[in-house]
Amino acid sequence: MDKGANAEIINHTNSIIEHFFRHESGKIMAHLTKRFGAAHFELVEDAVQDTLMKAMQVWPFKGIPDNPSAWIMTAARNRVIDGLRRTNRQDNLEALPVLNEAEPEKQQVYTEDELEDDMLRMMFNCCHPGLSPDSQLILTLKILCGFGKAEIASALLKNEEAVAKALSRGKKKLADLENELEVPAGHALGQRLNMVLSVLYLLFNEGYNASHGYKLVRKDLCLEAIRLCHLLLENKHCNLPHVKALLSLMYLQAARLDAKVDENGELIPLPAQNRSAWNKEMISRGIEYLIQSAEGNRLSEYHIQASIASCHALAKDDESTDWRAILRLYDSLMEVNPSPVVALNRVVAFYKVRGAEKALNELETVASSKQMKNYYLFYSVKAELLKENGQLSKAKQELNQAILLTKNESEQTFLSKKLQSLN
Amino acid sequence: MEEYLFIFRGGDAREVQQSPEQMQEHMQKWMKWMEQLGQKEILVAGQPLKNEGKMVTSGGSVVTDGPFAEGKEIVGGYLLIKAANIEEAAEISKGCPIFDHEGTVEVRPIQSMEMN
């Protein structure tokens with residue numbers, strides 16, 4: 001009785017949520033790769049692509065099916081089986097029935113738990129130590145998050161060719177590692193989990209630190225990182241304090257995203273942000289997960305960073321922020337991760353507690369690092385401290401010096417504005 | 001009101017590798033457009049076409065795989081709508097998302113039994 005498009009017959013009651021295709025593609029890639037093996041990766045990818053294309057062509061005429069997830073999964077699975085039959089690359093194909101796309105309710109061949117496990121497995125595979133962190137991130141974005149090559153290139157400020165190369169290298173590596181792709185257990189699980197967390201942290205920061213200006217796709221990166229972190233927590237082996245701490249950190253920072261840029265897409269630093277634009281729901285979740293993370297005997301970097309973020313989140317404005325607490329937290333963070341960036345942020349907290357003159361001395365200890373010499377925010381902070389200390393002309397000098405070193409337009413704009421405000 | 005056939009050619013995003021997000025956006029545009037036609041009660045029928053087929057030629061004696069027309073010319077589907085006249089029908093077709101991907105719409109009046 002398929003009459004196609006007809007005002008009475010097109011089913012308008014079903015709808016699909018935002019990013020549905022993207023999220024489904026990740027789920028299906030994970031499930032079918034597990035089922036048919038990483039050697040058939042390309043086949044699975046093509047099957048998913050063809051399936052989504054078919055949905056795009058047919059659903060407007062026939063309506064969205066009652067169970068769109070099942071429809072897509074079944075159709076993709078059938079395409080993989082067709083592909084395998086064509087190339088004769090799998091035994092026992094007769095045993096695999098081609099399922100009827102029109103009746104997916106009868107074909108519940110997987111459970112929700114199984115799908116989540118498959119996603120987790122795929123996440124762990126994408127973060128295999130045999131791949132560089134960059135490749136791990138690109139694979140995660142492509143396979144788990146369903147981003148296209150151009151979208152990844154745009155998000156990571158790389159050119160498409162570089163992304164394509166990284167992808168084909170990564171996929172080949174996964175195929176080669178086929179036998180090692182079981183999710184590690186015990187101690188090895190902990191190590192791999194830490195790698196996954198670094199990739200999620202990297203993913204989040206790509207979205208958060210929009211140093212080249214804000215694009216909508218960047219916010220999506222933050223939300224993807226949060227989504228995948230939730231997925232980790234749903235697995236009993238990964239439901240650990242430091243994972244909750246990372247999730248807390250991401251929520252607390254993501255809460256500030258809307259206040260981070262002005263109408264021109266330029267960055268607004270934390271002290272100047274309109275706090276009523278901070279997302280209260282996210283702050284609330286961030287605090288909730290921070291509380292939950294306060295167990296066990298291991299203080300991770302994520303715990304400390306989340307705690308710092310919570311100090312800002314709970315403060316009415318820059319002045320009423322508990323800078324002493326933040327300074328203490330940065331002292332702890334320096335023990336775990338003495339990076340120049342952390343040191344610089346600590347100096348800002350130091351200044352708030354002890355004043356500009358003493359902070360300038362602290363800054364000297366950081367200044368010698370090579371990374372600092374080319375870091376535009378270093379000069380911005382130094383100029384700020386000099387200004388507070390009444391040394392206006394020196395402040396201007398620092399900013400001029402910095403502008404010479406900037407790498408992109410956004411940084412230049414930011415520093416030029418600072419310079420203007422000193423005149 | 002008369003009936004008009006919309007013949008959709010090209011605009012198949014197959015030519016441009018689209019990401020899942022882009023495909024969803026494009027699909028939702030089509031859905032929105034067709035929903036509007038449905039709400040105005042001018043949508044009569046329509047079907048998408050598979051990208052394969054046969055050509056029967058030479059007096060009906062030859063059957064080959066086809067048509068292998070260029071991407072722009074491949075017919076991807078049709079809609080049958082109601083409009084007051086062909087100008088109105090053409091105007092209605094302008095809202096079709098096929099134009100986002102350089103497709104075309106051929107608008108043809110259905111031959112009626114009217115004696116004029």
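## Conventions

Two strands are taken to pair if DSSP finds at least two bridges between them. Helices (H or I, at least four residues) and strands (E, at least two) are DSSP runs, numbered from the N terminus. This is a predicted model, in which local features need pLDDT of at least 70 and side-chain atom pairs count only at pLDDT 80 or more, while totals for chains, interfaces and linings use all residues. Residues are numbered from 1 along each chain as its sequence is written, chains are lettered from A and ligands numbered from 1 in the order in which they are written, and side-chain values use heavy atoms, with hydrogens and water left out.

## Hairpin in chain B

Strands β3 (residues 54–57) and β4 (residues 62–65) of chain B run antiparallel and are joined by four bridges. One of the pairings sets B:Lys54 against its bridge partner B:Asp65 in β4(B).

The hairpin of β3(B) and β4(B) has four residues between the strands. B:Ser58 lies in this loop between β3 and β4 of chain B. Its phi is near 50°, a positive value in a residue other than glycine. B:Ser58 is exposed, with a relative accessible area of 53%; the classes are buried under 20%, exposed over 50% and partly exposed in between (1.4 Å probe, protein chains only).

## Open sheet and its packing

Chain B also has an open sheet of four strands in the order β2-β5-β1-β6, with antiparallel pairing. Its edge strands, β2 (43–48) and β6 of chain B, each pair on one side only. On average, neighbouring strands of this sheet are turned by 15° against each other, direction ignored. Axes are lines fitted to C-alpha atoms, for helices over the stretch in contact, and angles run from 0 to 180 degrees between N-to-C directions.

Within the sheet, strand β1 (residues 2–9) of chain B is joined by eight bridges to strand β5 (residues 75–83) of chain B, and the two run antiparallel. The bridge partner of B:Ile7 in β5(B) is B:Tyr78. Helix α2(A) packs on the sheet and touches β1, β2 and β5 of chain B, where contact means heavy atoms within 4.5 Å. The direction of α2(A) makes about 155° with that of β2(B).

## Chain A overall

Chain A has 19 helices and zero strands. Of its 423 residues, 53% are buried. Among contacts in chain A between residues at least 6 apart in sequence, 65% join residues at least 24 apart.

A:His19 is found in the segment before α1 (20–36) of chain A. A:His19 is not a glycine, yet has a positive phi of about 60°. The residue A:His19 is buried, at a relative accessible area of 14%.

## Salt bridges

Side chains of opposite charge can pair when their charged atoms come close. A salt bridge is a side-chain nitrogen of Lys or Arg within 4 Å of a carboxyl oxygen of Asp or Glu. Over all chains, the structure holds 27 salt bridges.

In one of them, A:Lys142 pairs with A:Glu45, the closest N and O atoms being 2.9 Å apart. A:Lys142 lies in helix α5 (residues 133–144) of chain A and A:Glu45 in helix α2 (residues 41–62) of chain A, so the pair ties together parts that are 97 residues apart in sequence. A:Glu45 counts as buried at 13% relative accessibility. Another salt bridge joins A:Asp331 and A:Arg346 at 2.7 Å, N to O. A:Asp331 is in helix α13 (residues 323–336) of chain A and A:Arg346 in helix α14 (residues 340–354) of chain A, 15 residues apart. A:Asp331 is partly exposed at 32% relative accessibility, whereas A:Arg346 is buried at 16%.

In chain B, B:Asp100 forms a salt bridge with B:Lys29, with 2.7 Å between the closest N and O atoms. B:Asp100 is in the loop between α2 (86–93) and β6 (104–109) of chain B, and B:Lys29 is in helix α1 (residues 20–39) of chain B, 71 residues apart. B:Asp100 is partly exposed at 44% relative accessible area, and B:Lys29 is partly exposed at 45%. Salt bridges that share partners join A:Arg22, A:Asp220, A:Glu224, A:Arg227 and B:Glu21 into one network.
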